[in-house]
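User: I would like to learn how to read a structure like this one, feature by feature. Please give the general idea each time, then the case at hand.

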Amino acid sequence: MASSLRHEVLNLYKNLLYLGREYPKGADYFRSRLKAAFLKNKDVKDPEKIKQLIARGEFVIKELEALYFLRKYRAMKQRYYSDD
């Protein structure tokens, strides 16, 4: 059981690290914050608490994706529509 949770946590970290490359404040800022967040919870042993933290991380992934789509939408809107 712990092995599968470890695998999920590593996948979450990799996905967040990948998404952080386009973060508005910069990839280095995002990477340092991500590392600090994961190190803060490194001693958690309870499987239920780990699952809650994974769910929170997946929520953050959805929020980042929404942020990026919104930024893309705004850029396209500026290109094709004038602000009259």
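Analyst: Start with burial: a residue is called buried when its relative accessible area is under 20%, exposed when that area is over 50%, and partly exposed in between. Keep in mind that this is a predicted model. In helix α3, the buried residues are Ile50, Ile54, Gly57, Ile61, Leu64 and Tyr68. Over the chain as a whole, 15% of the 84 residues count as buried.

User: How many helices and strands does the chain have?

Analyst: There are three helices and zero strands. In sequence order the pattern reads α-α-α. The radius of gyration is 16 Å, well over the 12 Å that the globule rule gives for 84 residues, so the chain is more spread out than a compact globule. Along the principal axes, the C-alpha atoms fill a box of roughly 55 × 20 × 15 Å.

User: What span should helix α3 have, and how far apart are its end C-alpha atoms?

Analyst: The idea is to compare an expected length with the distance between the ends. The expected span is 1.5 Å times one less than the number of residues. Helix α3 covers residues 47-80, which is 34 residues, and should therefore span 50 Å; its end C-alpha atoms are 50 Å apart, so the two values agree.

User: Which class does an individual residue fall into, for example glycine 20, asparagine 15, arginine 33 or alanine 66?

Analyst: Take the location together with the accessibility. Glycine 20 sits in the loop between α1 and α2, and at 2% relative accessibility it is buried. Asparagine 15 belongs to helix α1 and is partly exposed, with a relative accessible area of 43%. Arginine 33 is part of helix α2; its relative accessible area is 52%, so it is exposed. Alanine 66 lies in helix α3 and is partly exposed at 42%.

User: How far apart in space are residues that are separated along the chain, such as glycine 20 and leucine 64?

Analyst: Glycine 20 and leucine 64 are 44 residues apart in sequence, and their C-alpha atoms are 8.3 Å apart. Leucine 64 is also among the buried residues of α3. For arginine 33 and tyrosine 68, 35 residues apart along the chain, the C-alpha separation is 18 Å. Asparagine 15 and alanine 36 are 21 residues apart along the chain, with 16 Å between their C-alpha atoms. Alanine 66 and serine 4 are 62 residues apart in sequence and 28 Å apart in space, C-alpha to C-alpha.

User: Now the aromatic rings. How many aromatic pairs are there?

Analyst: A pair needs ring centres within 6.5 Å; planes under 30 degrees apart make it stacked, over 60 edge-to-face, and the rest tilted. By this rule there are three aromatic pairs. One of them joins tyrosine 23 and tyrosine 29: the ring centres are 6.2 Å apart and the planes stand at 15 degrees, so this pair is stacked. Another joins tyrosine 23 and phenylalanine 30, with centres 5.2 Å apart and planes at 45 degrees, so that pair is tilted. Ring pairs link Tyr23, Tyr29 and Phe30 into a cluster.

User: What is the volume of the largest pocket, and which residues lie nearest its centre?

Analyst: A pocket is read from its volume, then its lining, then the elements that supply the lining. The volume here is about 1,100 Å³. The lining has 29 residues, and Leu12, Leu34, Ala37, Phe38 and Asn41 lie nearest the centre. Helices α1 (2-19), α2 (27-40) and α3 each supply at least two lining residues. The largest share, nine residues, comes from α3.

User: How many residues of the lining are nonpolar, polar and charged?

Analyst: By class, the lining of the largest pocket has 20 nonpolar, two polar and seven charged residues.

Definitions and conventions
Residues numbered from 1 in each chain as written. Predicted model: local features only at pLDDT ≥ 70, side-chain atom pairs only at ≥ 80, totals over all residues. Heavy atoms only, no water. Phe/Tyr/Trp six-rings, centres within 6.5 Å; stacked < 30°, edge-to-face > 60°. Helix = DSSP H or I, 4+ residues; strand = E, 2+ residues; numbered from the N terminus. Buried < 20%, exposed > 50% of the residue type's maximum accessible area, 1.4 Å probe, protein only. 1 Å grid on protein atoms, 1.4 Å probe; cavity = no way out; pocket = protein on both sides within 12 Å on 5 of 7 lines; lining within 4 Å. Points joined across faces, edges and corners; volume = space filled by probe spheres on them. Nonpolar A, V, L, I, M, F, W, Y, C, P; charged D, E, K, R; others polar. Rg over C-alpha atoms; globule rule 2.2 N^0.38 Å.
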